[in-house]
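Visitor: I have a model open and would like to learn how to read it. Could you walk me through it?

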Amino acid sequence: MTAPTPAPPMIRMAGVDKFFGPLHVLKDVALEVPKGQVVVVLGPSGSGKSTLCRTINRLEPVDKGTIEVDGQPLPAEGKDLARLRADVGMVFQSFNLFAHKSIVDNVMLAPLKVRKTPAADARKTAMELLERVGIANQAEKYPAQLSGGQQQRAAIARALAMRPKVMLFDEPTSALDPEMVQEVLDVMTTLAKEGMTMLVVTHEMGFARKAADRVVFMADGEIVEDSTPEDFFSAPKSNRAKDFLGKIL
Ligand code: ADP
Ligand code: MG
């Protein structure tokens, strides 16, 4: 009997380079995220963390190298690209909810338009997701009527509505008032425990310590360290990581 083929990692980046004009923002980046893992990306401002996230659902094309999601190379355009974007959920610092739609309509929108889900089913799923993130009682309100923490939980529900295979979070709590950070991190921690594959850019070190399987540290467009949270926080290897931790801890 032959051994079963191992499942491909959910995300695989190899030899990725990205330039903005003369600026080399991703330098020979290699990163694998196995299914079910939570990887926290740390690094100083301008180190390329957002760009890294954005390349994975092709909001930014790369100049060199390969990126695969669940074993499939990123499609360049068309229907395949729409399918990729559905598989890779993304949550940004700014919640990007549609201001003139109710919360439940925001969550239903992509399943209706992209997945062609019947409206009744889309609404049912949306309400279940709003329940899961703890804001079902806000479903008929408009984004501006919600707190920042509630809006970000709605944005997470909206991403989950497409049944993504992986979720990317780019500083999801950075725009929130301090008292609202934890409610968003709690939703993310629950997702992680349920087995969602997650790539999370954050400055929340408590979340990195508790929820991350791995910490990836970036500086100047390079992945400088890739280790367990225990090793990273107790014994960072590079001077750049030591400097970074010295400034934020
Ligand atoms: P981080 O998220 O770690 O703060 P970014 O990925 O946003 O870093 O940015 C990495 C570098 O690329 C920075 O120097 C930033 O100014 C630059 N950059 C980001 N987006 C663009 C863009 N669209 N055009 C030109 N330069 C950009
Ligand atoms: Mg950023």
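**Around the ligand**

Guide: Gladly! Helix 1 supplies the largest share of the shell around ligand 1, three residues; helices here are DSSP runs of H or I with at least four residues, strands are E runs of at least two, and both are numbered from the N terminus. This is a predicted model, where local features need pLDDT of at least 70 and side-chain atom pairs pLDDT 80 or more, while totals for chains, interfaces and linings use all residues. Residues are numbered from 1 along each chain as its sequence is written, chains are lettered from A and ligands numbered from 1 in the order in which they are written, and side-chain values use heavy atoms, without hydrogens and water.

Visitor: Which residues surround ligand 1?

Guide: A residue is near a molecule if one of its heavy atoms lies within 4 Å of it. Here the shell consists of Phe20, Leu23, Val25, Pro44, Ser45, Gly46, Ser47, Gly48, Lys49, Ser50 and Thr51. These divide into four nonpolar, six polar and one charged, where Ala, Val, Leu, Ile, Met, Phe, Trp, Tyr, Cys and Pro count as nonpolar, Asp, Glu, Lys and Arg as charged, and the others, Gly among them, as polar.

Visitor: How do strands pair?

Guide: Strands of a sheet pair through backbone hydrogen bonds, either parallel or antiparallel. Two strands count as paired if DSSP finds at least two bridges between them. In this model, four strands form an open antiparallel sheet in the order 2-1-4-5. Its edges are strand 2 and strand 5 (72-73), each pairing on one side only.

Visitor: Are the faces of strand 6 buried or exposed?

Guide: In a regular strand the side chains alternate between the two faces of the sheet. In strand 6 (residues 88-91), Val88 and Met90 on one side and Gly89 and Val91 on the other are all buried, meaning under 20% relative accessible area with a 1.4 Å probe, protein chains only.

Terms used
Buried means under 20% relative accessible area, exposed over 50%, partly exposed in between (1.4 Å probe, protein chains only).
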